[in-house]
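Colleague: I am new to this structure. Please take me through the terms used for it, one at a time.

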Amino acid sequence: MKLHLTRAIALALGIALSVAAQDAVTSAPILAGTAAHGLPGARPGTERWIACFRTRSFDLNAFRAAILARRPAAEVDAIVAGLERATVADQAGFAAAAERLGARVTDQWWLINAAAVEIDPTRLDELRKLPNIAFVQPDEEHPALIITATNASNHNADALQAAGHKGLGETAGIMDTGQDSDMAGTGRPHRTYFVNGDPTNLSGGGIGGSRLLVNRQLGTMVPDDVHGHGTGVASIVAGADWGTASADDGHSPLAGIAGYSIANATNGNSSTAVMATAWQSMAADRAQYGIVAANLSYSGSPSPIEASQQALDSAALNADIMVCVAAGNSGPAAGSTGSSQSAANGLAVAAITPTSKTVASFSSRGPMSGDTQRFYPDIGGCGVSTIMAARDNEAGNYTGSGTSMASPQVCGAATQLRGRLPFLTAVETKAILLASSENIAAQNPGLTRNDFGMGFLRNDRSHATAAAGQFGSASVSTTTPTHTFSLPSVAGQTFAIAIAWHRLDLASTAWSNLELEILDAGGAVIQSSTTPRNLYEMVRFASPVTGTLTVRTRAASIGGGTTQPFSYAWTDAPGSGFMGSVTSYGLGCPGTGLTPNVCASINGNGGTIVNNLRNREYAYAVPTAAALSVSGFEIFSQSNTGGPVTVAAAIYANTAGVPATTPIAQTTVTIGSTPGFYAGTFASPVAIPAGNVWIGVDHRAQTTILSHLSAGTTGTAYSRLTFATGAWTISTLVTRPGVRILCAGGGTNNAVPSHSATGTPSIGTSLALALTLAKPTTGAVLMIGASDSAWLGGSLPFSLAAFGAPACSLLASTELSATANTDANGAASVNFPLPNQLSLLGARLHTQYIVVDPTANGLGLAFSNALRIVAGN
């Protein structure tokens with residue numbers, strides 16, 4: 001009796017502990033930024049939710065290898081069947097547990113590690129406590145978002161078609177509202193799907209002899225286009241001229257078209273789960289139909305771990321499909337990407353106005369929502385007043401504007417390119433399309449790559465690049481983190497170089513960070529791209545030398561394993577620019593000018609800097625108790641390049657607690673590689689009333705760390721996407737800046753003359769070479785030379801101690817000189833013109849001021865620091 005009682009107590013205690021442990025199980029999170037409820041399920045009272053799992057027992061390596069090796073469709077189908085069986089087996093425990101909760105599993109995916117269920121929302125928390133669930137997300141609704149576009153003034157697909165490159169042999173996948181497979185009840189597809197637009201030409205190999213190879217239904221609507229959006233998009237990608245006066249061929253008019261209807265309603269709206277299923281269906285069809293590119297012109301999620309975005313990136317990575325998506329129609333506000341698709345392994349496309357090549361006002365602008373270090377979109381395509389085929393109406397046209405029309409331009413170009421060169425991979429195609437894009441910054445003043453991406457799609461340049469073999473693939477790893485190749489150049493020759501790679505761990509927001517650097521023969525970096533969050537890097541530049549350049553790809557970090565494959569491409573790039581630069585070097589020696597007077601500051605003793613980079617201008621507030629005459633400033637910062645970096649800076653008036661839009665004065669500041677205060681001086685003092693003075697620093701190149709200390713006095717900062725123009729946004733990132741304000745007068749008479757430059761040295765412009773902190777009302781000479789190491793047979797720097805100036809040195813040779821007179825504040829400036837000659841690109845000049853100062857030392861001269869100037873365009 002005692003034994004049985006003991007067992008009963010133990011059993012009861014075990015049950016209690018088991019229940020307590022179950023109650024203590026942590027619920028898997030709901031994906032951030034998603035809706036509170038899923039779409040209604042088929043059964044009354046249920047909602048549709050998606051569960052993403054942590055682990056599974058298989059991977060997609062065999063599938064990916066078969067696709068890349070172009071194995072027969074039957075072999076790939078067998079692999080897919082095995083993946084389907086493995087998925088069901090892996091998720092059997094989850095499915096059984098979900099059924100015990102009254103839920104019904106509706107979709108099980110092998111392309112991603114996830115499943116969809118219909119469940120009573122009151123039992124969702126129980127579902128979240130099931131083992132191996134990483135997170136859940138609601139199944140949400142996603143709405144859908146040519147004659148000029150393809151001509152020589154725009155993408156120039158026409159010239160390539162005339163040469164016979166029409167996408168023959170490859171297929172584009174169109175995920176949309178369906179395809180017009182039963183045109184106006186005729187029982188045949190729209191004529192745009194037929195070879196040469198001729199419904200009697202039955203050589204297309206698809207439905208009714210057309211090039212529409214398949215038209216699958218994934219949503220609840222029939223695959224025969226219920227809206228018209230899908231037919232129009234397909235006509236841009238690969239349609240044939242349908243016979244109206246305004247009709248034209250799409251980019252790849254002989255390519256196959258594979259349709260995936262994702263519409264759940266006649267308005268075309270779809271859902272997350274349907275999109276994920278459609279990507280899996282397209283991946284499974286990849287080998288059978290030869291799908292090399294795909295288009296999805298719908299809204300979506302900016303989160304890369306959201307289920308449909310994992311599926312999209314998996315289709316690109318594992319099925320080798322070049323995926324193109326619409327960037328969104330929520331412009332023109334910065335960061336208007338809350339409903340844009342992440343498409344990390346694809347290309348997000350901005351809408352551009354044909355011919356003028358200006359960004360459409362409605363096109364969504366980056367950075368990426370939830371990931372402000374990621375530039376977005378990636379590339380631009382024509383998307384305004386686009387003429388397309390109209391469903392059920394071969395005598396008419398469908399005219400529309402949107403990024404929905406821009407994305408298929410890029411998908412069509414990718415299909416055309418891979419039709420000509422079938423051995424290209426998706427990631428090689430991505431690198432080629434980026435490298436060959438046209439720089440449209442000049443047509444869009446004040447805008448950046450967060451408006452139009454890396455440039456405007458150019459089919460013709462992409463074919464020239466690929467046909468010349470100017471691309472390749474390689475890898476970097478944790479043990480071999482760099483890869484290089486050589487590139488011959490002539491001084492002034494313009495290049496565009498891009499690298500691209502895929503993220504490998506689809507369930508993570510972390511991925512490899514590769515950096516691109518261009519080195520001259522001496523190993524000096526002459527151009528670089530080091531964005532931390534994009535899965536590509538690109539530079540445009542004019543070579544400063546004749547000789548061999550080295551293109552170096554370096555892994556700053558590796559994600560998803562120990563090796564990161566990548567592809568690269570390069571091309572001659574008309575209109576590319578070589579960025580000029582100004583760098584301070586050497587030390588001046590004291591004269592009798594007044595030393596800087598620190599008249600206001602915030603965290604003026606500095607501290608520990610927090611390592612933050614942002615592609616924005618930041619304006620830092622410094623409280624001022626009285627009106628000031630500001631001669632300069634010192635900013636606490638640090639470069640991240642290992643050497644000094646010169647960036648633009650400005651001073652702004654205070655307008656109701658916010659920096660004014662337009663600066664009062666501009667200058668530059670050279671920031672070194674160690675944390676500290678770095679000074680910028682203005683050509684003449686700036687009058688500032690009591691209140692706040694704002695110092696703006698251009699951090700957009702992400703080579704200088706934001707001025708934000710780990711501890712200290714709380715202050716205020718604002719930021720914006722462009723330097724010296726645009727609307728300010730208050731910063732929640734920078735709250736403890738370190739800034740000193742320097743005022744004219746009030747110091748001691750032993751200042752070291754300071755030499756700086758205003759502006760960026762570009763051929764065809766003038767550079768203001770300023771002198772400050774010198775003896776007032778005296779003469780000065782600006783020395784201009786070609787060398788900082790030798791002059792007149794001697795070496796530089798050359799000490800003048802033997803001539804009575806113990807702390808002074810000559811820092812630059814003197815082949816040219818200019819005279820100036822300082823004003824009452826000890827300031828002067830010389831405008832130095834740089835002739836508009838390409839031969840000057842990359843030319844190095846060195847400048848230093850000599851100030852007449854009889855009582856400064858035995859020589860009667862004071863010397864400034866020197867500047868190293870590299871001419872750009």
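Colleague: How many positive and negative side chains does the protein chain have, and how far apart do the centres of the two sets lie?

Modeller: There are 45 positive and 52 negative side chains, with the two centres 5 Å apart. Lys and Arg count as positive and Asp and Glu as negative, while His and the chain ends are not counted. Each charge is placed at NZ of Lys, CZ of Arg, CG of Asp or CD of Glu. This is a predicted model, in which local features need pLDDT of at least 70, side-chain atom pairs count only at pLDDT 80 or more, and totals for chains, interfaces and linings use all residues. Residues are numbered from 1 along each chain as its sequence is written, and side-chain values use heavy atoms, with hydrogens and water left out.

Colleague: What makes strand E38 largely enclosed by the rest of the structure?

Modeller: Buried means under 20% relative accessible area (exposed is over 50%, partly exposed in between; 1.4 Å probe, protein chains only). Six of the seven residues of E38, residues 766-772, are buried, so the strand is largely enclosed. Across the protein chain, 58% of the 873 residues count as buried.

Colleague: Why are E37 and E38 said to pair?

Modeller: Strands are DSSP runs of E, at least two residues, numbered from the N terminus; helices are runs of H or I, at least four. Two strands pair if DSSP finds at least two bridges between them. E37 (residues 754-758) and E38 have five, in the antiparallel sense, and serine 756 stands opposite alanine 770 of E38.

Colleague: Which strand pairs with E38 over six bridges?

Modeller: E45, residues 828-833, also in the antiparallel sense. There, phenylalanine 832 is the bridge partner of leucine 767.
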